[in-house]
Amino acid sequence: MAKILVVDDSALSRRVSRRILEGAGHSVADVPDGLAALERYALDRPDLVLLDVTMSEMNGLEVLRQLRVMDPGAVVVMATADVQSSTRELADAGGASGFVPKPLAADAVLRAVAAALGRQGAAQ
């Protein structure tokens, strides 16, 4: 299964994400903010990043932008409660590989992860 980095400023969301992903056999690391995400990504090079959009300090769209500079092939699934279509459009334009709504539902997360990883595998 995949090595996944969960980035969310909510401890509850990180726990829920971890439970869903580890329950499906994935290896999971989690961090609470964008700066820690960039550092952890550089060290671990996970197969996929599950990234919250709305975070203090550095929002998920900025983290996405910096991840894509660091690694143009980074596979990033955005997670958010923000239902505005403009947010999704910005994430798509920034190179997001998928999008899941919050609150997180196991089936939606696992579908988005599988689709994003499938696209990555197909591109290689």
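Trainee: Helices are DSSP runs of H or I, at least four residues, numbered from the N terminus. So which helix has G60 in it?

Mentor: Helix α3, which covers residues 60-70. Keep in mind that this is a predicted model.

Trainee: Noted. Is G60 buried or exposed?

Mentor: Buried. The relative accessible area of G60 is 0%, and the cut-off for buried is under 20%.

Trainee: What does G60 touch, sequence neighbours aside?

Mentor: Beyond four places in sequence, G60 touches L51, D52, V53, M55 and M78.

Trainee: Which other residues of α3 are buried?

Mentor: Besides G60, the buried residues of α3 are V63, L64 and L67. Viewed down the axis of α3, the buried residues fall within an arc of 100 degrees, so they line one face of the helix.

Trainee: And what do those buried residues pack against?

Mentor: Against α2, β3, β4 and α4.

Trainee: Switching to the sheet. What is the strand order?

Mentor: β2-β1-β3-β4-β5. The five strands make an open sheet with parallel pairing. The edge strands are β2, residues 27-31, and β5, residues 98-101; each pairs on one side only. The twist averages 20 degrees from one strand to the next.

Trainee: How many bridges join β4 to β5?

Mentor: Four. Strand β4 spans residues 76-80 and runs parallel to β5. As an example, T80 has P101 as its bridge partner in β5.

Trainee: Which strands does α2 lie across?

Mentor: β1, β2 and β3. Helix α2 is residues 34-44, and it runs at about 170 degrees to β1.

Trainee: What does UniProt place at D52?

Mentor: The feature "modified residue: 4-aspartylphosphate", from an unreviewed entry. In the model, D52 is in strand β3.

Trainee: Buried or exposed, that D52?

Mentor: Buried, with a relative accessible area of 4%. Away from its sequence neighbours within four places, D52 is in contact with V7, D8, D9, G60, A79, T80 and K102.

Trainee: V7 is on that list. What else is V7 in contact with?

Mentor: With neighbours within four places left out, the contacts of V7 include V31, D33, A37, V49, L50, L51 and M55. V7 is also listed among the residues with the most contacts inside the largest nonpolar core.

Trainee: How many residues has that core?

Mentor: The largest nonpolar core has 22 residues. Along with V7, those with the most contacts inside the core are V49, L51, V63, V76 and M78. The elements giving two or more residues to this core are β1, β2, α2, β3, α3 and β4. Helix α2 gives the largest share, four residues. Apart from this core lies another, of 18 residues, including I20, V75, A79 and L117.

Trainee: Where is T87?

Mentor: In helix α4, residues 85-93. T87 counts as buried at 7% relative accessibility.

Trainee: Which helix has V113?

Mentor: α5, residues 106-123. V113 is buried, with a relative accessible area of 1%. Leaving out neighbours within four places, V113 is in contact with I4, L21, H26 and L48. For V113 and E62, the C-alpha distance is 21 Å and the sequence separation is 51 residues.

Trainee: On to the backbone. Is the K102 to P103 peptide bond cis or trans?

Mentor: Cis, with omega near 5 degrees. P103 lies in the loop between β5 and α5.

Trainee: What is phi of R45?

Mentor: Near 45 degrees, a positive value, and R45 is not a glycine. R45 sits in the loop between α2 and β3. At 40% relative accessibility, R45 counts as partly exposed.

Trainee: And what about phi of E57?

Mentor: Positive too, about 70 degrees, again in a residue that is not a glycine. E57 is in the loop between β3 and α3.

Trainee: Buried or exposed, E57?

Mentor: Exposed. E57 has 82% relative accessibility, and the cut-off for exposed is over 50%.

Methods: Residues are numbered from 1 along each chain as its sequence is written. This is a predicted model: local features need pLDDT of at least 70, side-chain atom pairs count only at pLDDT 80 or more; totals for chains, interfaces and linings use all residues. Side-chain values use heavy atoms; hydrogens and water are left out. Two strands pair if DSSP finds at least two bridges between them. Axes are lines fitted to C-alpha atoms, for helices over the stretch in contact, and angles run from 0 to 180 degrees between N-to-C directions. Contact means heavy atoms within 4.5 Å. UniProt positions are given in the numbering used here, feature names are shortened, and annotations may be inferred rather than shown by experiment. Buried means under 20% relative accessible area, exposed over 50%, partly exposed in between (1.4 Å probe, protein chains only). A nonpolar core is a set of buried Ala, Val, Leu, Ile, Met, Phe, Trp, Tyr and Cys residues joined through side-chain atoms within 4.5 Å. The arc is that of the directions from the helix axis to the C-beta atoms.
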